[in-house]
Amino acid sequence: MAGLPPQHNNPAQLGGNKPILLQLEEQYTKRVDDDVLKLVDSFADIVRVTEIENKDKFKVTQEGYQIESQTAQIIRSAESLLGLITELKQILLLNDTKTLTQLSDTRTKDLREPKAAIKFEMSKMKTELDAAVFDMENVLYRNLTSP
């Protein structure tokens, strides 16, 4: 599996006049085309090998081996395509700044209201605590100063 190309001094341009996103698109398109071509070729080979005719045991065994090897190629191509899908999903998740910003803004808005309510409650509790401490101090000082 091919990953992202190495970083260069100018990330918007890479290897000539093509922007990096265009190069990535071409790279992924080529990978998809290659894997799909391998899938089609493998299926065509399996169909070609399974023609009905008089066959001896050696020929049947040989065709069985060809079918197994083509099946293995189909599996490798399918796994490669699944890996490509995973890479594209990761790129989308990690580089979709609009969605990430929107999610962050939504989360911030969702937290502002509870934050304000908590601050208000804390302020109210502080006021009540200050009043309670003041009353306790008055009672204590009165008891100390009373004969």
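Student: Please look closely at helix α1, residues 20-49. Which salt bridges do Lys30 and Arg31 form, and are Lys30 and Arg31 buried or exposed?

Tutor: Keep in mind that this is a predicted model. The protein chain has three helices and zero strands, and the order along the sequence is α-α-α. Helix α1 spans residues 20-49.

Start with Lys30. Lys30 makes a salt bridge with Asp34, and their closest N and O atoms are 2.9 Å apart. Both residues belong to helix α1 and sit four residues apart, which is about one turn of the helix. Lys30 has a relative accessible area of 53%, so it is exposed, given that exposed means over 50%. Asp34, with 32%, is partly exposed.

Now take Arg31. The side chain of Arg31 meets that of Glu87 in a salt bridge, with 3.2 Å from N to O. Arg31 is in helix α1 and Glu87 is in helix α2, so this pair ties together parts that are 56 residues apart in sequence. As for burial, Arg31 has a relative accessible area of 13% and Glu87 has 12%. Arg31 is buried because its value falls under 20%, and Glu87 is buried for that reason too.

Next comes Val32, also in helix α1. Val32 has a relative accessible area of 31% and is partly exposed. Together with Val36 and Val40, Val32 makes a nonpolar surface patch of about 200 Å².

Helix α2 covers residues 57-95, and Ser77 is part of helix α2. Ser77 has a relative accessible area of 1%, so it is buried. If neighbours within four places in sequence are set aside, Ser77 is in contact with Asp35, Lys38 and Leu39. Gly64 is found in helix α2 as well, but Gly64 is partly exposed, at 28%. From C-alpha to C-alpha, Gly64 is 9.5 Å from Ile46, and the two are 18 residues apart in sequence.

Helix α3 runs over residues 97-145. Within helix α3, Lys126 and Asp130 are four residues apart, about one turn of the helix. These two form a salt bridge, with the closest N and O atoms 3.3 Å apart. Lys126 is exposed at 52%, while Asp130 is partly exposed at 44%. Helix α3 also holds Lys109, which is exposed at 58% relative accessibility. Lys109 forms a positive surface patch with Arg112, Lys115 and Lys119.

Last, the chain as a whole. A search of the whole structure gives four salt bridges, among them Lys30 with Asp34, Arg31 with Glu87 and Lys126 with Asp130. The protein chain has 147 residues, and 13% of them count as buried. Its accessible surface is about 12300 Å², and 62% of that belongs to carbon and sulfur atoms. Of the contacts between residues at least 6 apart in sequence, 62% join residues at least 24 apart.

Terms used:
Residues numbered from 1 in each chain as written. Predicted model: local features only at pLDDT ≥ 70, side-chain atom pairs only at ≥ 80, totals over all residues. Heavy atoms only, no water. Patch = residues over 30% accessible without salt bridge, like charges linked within 9 Å, V, L, I, M, F, W, Y side chains within 5 Å. Areas by Shrake-Rupley, 256 points an atom, 1.4 Å probe, with all protein chains shown as cover. Helix = DSSP H or I, 4+ residues; strand = E, 2+ residues; numbered from the N terminus. Buried < 20%, exposed > 50% of the residue type's maximum accessible area, 1.4 Å probe, protein only. Contact = heavy atoms within 4.5 Å. Lys, Arg positive; Asp, Glu negative; His and termini not counted. Charge placed at Lys NZ, Arg CZ, Asp CG, Glu CD.
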